[in-house]
Amino acid sequence: MSLPSPDAAGTARAQRLRRDLDLLAIHEPALRYEMGADGHTATARGSVLITLPDGSMEPIDVRIEFGTTYPKRPPRAYDAERRWTPALDRHIEDRARFCLFLPGANEPDLKPEGSLLKYISDLKSFLRQQLILDSQRRHNPAARFPGPEYPHGAQGAYAIFAADALAPAAADVRGRLWEAAKRAGVSRTARCPCDSGDTSENCHRETLKQLLRALWEAPELARLTYSQLTALAEEQRP
């Protein structure tokens, strides 16, 4: 089967971007977007309504930038009104960028049609947590971010991700799975390293894929044994 030409692939990506932005305009009418001159990038600006625990609603101004890697990688979202000072304990980085996901690890799969709405839902959850944190810090300035979080700094964050990926596996096979991932993984038709006798595809394939993501983003983790990995993960947990 022949592969699509780069021009055809680019055209398909541009068409997908426009469809998604049209969908966004229907579900988030306060957001307005403009396409980049190349037709492969876009920016959406405006407010999204956040529902608070007491049922009240508050608009938050955001800017969402769709790069040339979309939908393979999610767009970047920013605090358009600079409502909050960038701070790692809020997961708001320099230039007021929201740190919504652990890159390459728990980013949403935006390849299916319509999945941009899931990204918007995740963004709204993140903003809701920011508003809850504002409320908590009025009474306790030391209050921590209320939602699930990873620490900033690649090694610690991906150590936690890898340890959590291994946690559902039986305790006596976690080390074997970690060592197999460090050797560049296991093909789906090969015998699973847990020694179940089944193929990887029908056993721990998803766990191995998650471990490989962590090792790709933080290759220095390959120097660690399983016990060292879990120790680092516990040390780094927020």
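The protein chain holds six helices and six strands. The model is predicted, so local features need pLDDT of at least 70 and side-chain atom pairs count only at pLDDT 80 or more, while totals for chains, interfaces and linings use all residues. Residues are numbered from 1 along each chain as its sequence is written, and side-chain values use heavy atoms, with hydrogens and water left out.

Along the sequence, the elements follow the pattern α-β-β-β-β-β-β-α-α-α-α-α. The C-alpha trace spans about 60 × 55 × 30 Å along its principal axes. Of the 238 residues in the chain, 38% are buried (under 20% relative accessible area, with exposed meaning over 50% and partly exposed in between, for a 1.4 Å probe and protein chains only). Contacts are heavy atoms within 4.5 Å. Among contacts between residues at least 6 apart in sequence, 51% join residues at least 24 apart.

In soluble globular proteins, nonpolar side chains tend to be buried together. A nonpolar core is here a set of buried Ala, Val, Leu, Ile, Met, Phe, Trp, Tyr and Cys residues joined through side-chain atoms within 4.5 Å. The largest such core has 31 residues, and Ile64, Phe66, Phe98, Tyr119 and Leu127 have the most contacts inside it. H1, strand S2 (42–51), S3 and H2 each supply at least two of its residues. H2 gives the largest share, eight residues. Another core, of 30 residues, lies apart from it and includes Val173, Ala181, Val186 and Leu215.

Tyr119 touches Ile64, Pro74, Pro75, Arg76, Ala77, Leu100, Phe101, Pro108 and Leu110, leaving aside residues up to four places away in sequence. Glu28 sits in the loop between helix H1 (6–27) and strand S1 (31–35). Its relative accessibility is 11%, so Glu28 counts as buried. With residues up to four places away again left out, Glu28 touches Val48, Ile120 and Lys124.

Helix H6 (residues 226–236) buries Leu229, Leu232 and Ala233. Seen down the axis of H6, the buried residues fall within an arc of 100°, so they line one face of the helix. That arc is taken over the directions from the helix axis to the C-beta atoms. Helix H3 (154–166) and helix H4 (174–182) are among the elements covering these buried residues. The face of H6 turned away from the buried side carries exposed Glu234 and Glu235.

Pockets were located on a 1 Å grid over the protein atoms alone, as open sets of points where a 1.4 Å probe fits, with protein on both sides within 12 Å along at least five of seven lines; lining residues have an atom within 4 Å of a point. Grid points are joined across faces, edges and corners, and a volume is the space filled by probe spheres set on the points. The largest pocket holds about 920 Å³. Its lining has 37 residues, of which Cys99, Leu100, Phe101, Leu102 and Pro103 are the closest to the centre. Strand S3 (57–66), strand S4 (76–79), strand S6 (97–98), helix H2 (116–139) and H3 each supply at least two lining residues. H2 provides the largest share, six residues. By class, this lining has 20 nonpolar, eight polar and nine charged residues (Ala, Val, Leu, Ile, Met, Phe, Trp, Tyr, Cys and Pro count as nonpolar, Asp, Glu, Lys and Arg as charged, and the others, Gly among them, as polar).

The second largest pocket holds about 340 Å³. Among its 13 lining residues, Lys72, Arg73, Gly104, Glu107 and Arg213 are the closest to the centre. This lining divides into four nonpolar, two polar and seven charged residues.

Key:
Helix = DSSP H or I, 4+ residues; strand = E, 2+ residues; numbered from the N terminus.
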